[in-house]
Amino acid sequence: MPAPQQTIRRSLLVLSAALSSLALTAPVALAAPSPTPTPSSTPSPSSSTSASPTATPPADMSSVGGTRLGQAGTQVNLTSGVPVLPKDVTARSWIVSDAESGAVLASHNAHWRLPPASTLKMLFADTVLPKFPRTTEHKVVASDLAGMGAGSSVVPIKQGESYTVHDLWLGVFLRSGNDAVHVLAHMNGGVDQTVADMNAHAQDLQALDTHVVTPDGYDEPGQVSSAYDLTLFARSGLQKKDFREYCSTVSAKFPGETTKKKGKSVRGTFEIKNTNRLLSGDSDVSVYPGIAGVKNGNTTNAGATFTGVAERNGKVLLVTVMNPEKDEHNEVYKEAAKILDWGFQADGKVQPVGELVAPKNAAQASAQPGATASGEAGGDTAAKPAASSSASASEEEDGSSGVGIALAIVGGLLVLLAGAVFLVNRRWPLPDLVRRRPRP
């Protein structure tokens, strides 16, 4: 379908969603029962002992993005031709949306404020990543690693060693290293300053369910987000070239410790691999066709959380899944894959139930002379070092077909067909896609 027709179609879909939200006789939501909370247990080493979330969503959840998104239970318009949602999804909260238009295809307790675990690192990256060129080097001191929660996931980063910003971001995205987060936070003026920056950025993104207490997502009292907000963070982060690179990298060589060999200082390397199982695969989870990131997490209070982006036949979908009740290995990825499958089948057929709102400053930023959507960290345009292997390179090594994607910006803002189009769907520019070439 030609691009102008796609834009018009998506605009009409979102307009329809908005009208549905305002109607006094809105369609009845398919109210799925809220999952029973998992019995409390001794906190794992990766989290603190803060109170567990409530068993059921509150009645007064936010309506940002549409009235139906603030309602409890599953929200979807199942009309003729729309596939039925998968019945074995047990997550407390989930949402699937069209990344380009922002149309929310379906959701379940989308604005339920829950502990986010390491998916909060998407907001951390979106806030801090543009501040430092990837080639900047930093020598780690003891204070950089202070204040991490007991049993935090680590890369590991070693005191006294120097790392580039590029190295540190690989540690954040691939190993979910809280040590890498803390080093970058101290480079940014400290943990408190970084938390303040993240909270301010969340407000600008209209992620009003989110309150940041620690930049790494470690369980802390009062630290919450929602499936809706995590999707906003992913959508914003994917505007940035470096963010897209890091979140889609499957494996990389990471600097190790410096040792002495025959009187010379030698620094080795070790491999780190992305813990996003839809990207890297596992014994019971296959690499998801078209996956391109974004971030996963797991703590005692949050359970398993995941936000992913995938492309298929020119459509780009975002999915967020929080805390599946079903206690099976990699369950969060299995449920995310099922929801994505449904989304690709339903996109273009289902009427949206809401939308992903644009940031408050989107209109102002796009109007400024010389505005660019490149989003490269610190303006650095250097190519990615050969040591890190992207999803496409990994697919060539393991024999997978070229089903993954990497998101890339062609530069500048997309031209709006008319001012009315932006007002109808509040669409803000997303990068064009560069599809990986299939193997011969």
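A residue counts as buried when its relative accessible area is under 20%. Keep that cut-off at hand for the stops below. Note too that this is a predicted model.

How many aromatic pairs are there by the ring-centre rule? The count comes to 7.

**Stop 1: helix α3.** Select W169 and F173. Their ring centres are 6.3 Å apart and their planes meet at 45°, so this pair is tilted. Both residues belong to helix α3, which covers residues 165-174. They are 4 residues apart there, about one helical turn. Now colour by accessibility. F173 has a relative accessible area of 1%, so it is buried. W169 is buried as well, at 0%.

**Stop 2: two strands.** Select F254 and F270. The ring centres lie 5.6 Å apart, with the planes at 55°, so this pair is also tilted. F254 is in strand β6 (residues 249-261) and F270 is in strand β7 (residues 264-273). The pair therefore ties together parts that are 16 residues apart in sequence. Is F254 buried or exposed? F254 is buried, with a relative accessible area of 0%. F270, at 26%, counts as partly exposed.

**Stop 3: a charge over a ring.** Select R267 and Y163. What sits over the ring of Y163? It is the charged end of R267, 4.8 Å from the ring centre.

Terms used:
Residues numbered from 1 in each chain as written. Predicted model: local features only at pLDDT ≥ 70, side-chain atom pairs only at ≥ 80, totals over all residues. Heavy atoms only, no water. Phe/Tyr/Trp six-rings, centres within 6.5 Å; stacked < 30°, edge-to-face > 60°. Buried < 20%, exposed > 50% of the residue type's maximum accessible area, 1.4 Å probe, protein only. Lys NZ or Arg CZ within 6 Å of the ring centre and 35° of its normal.
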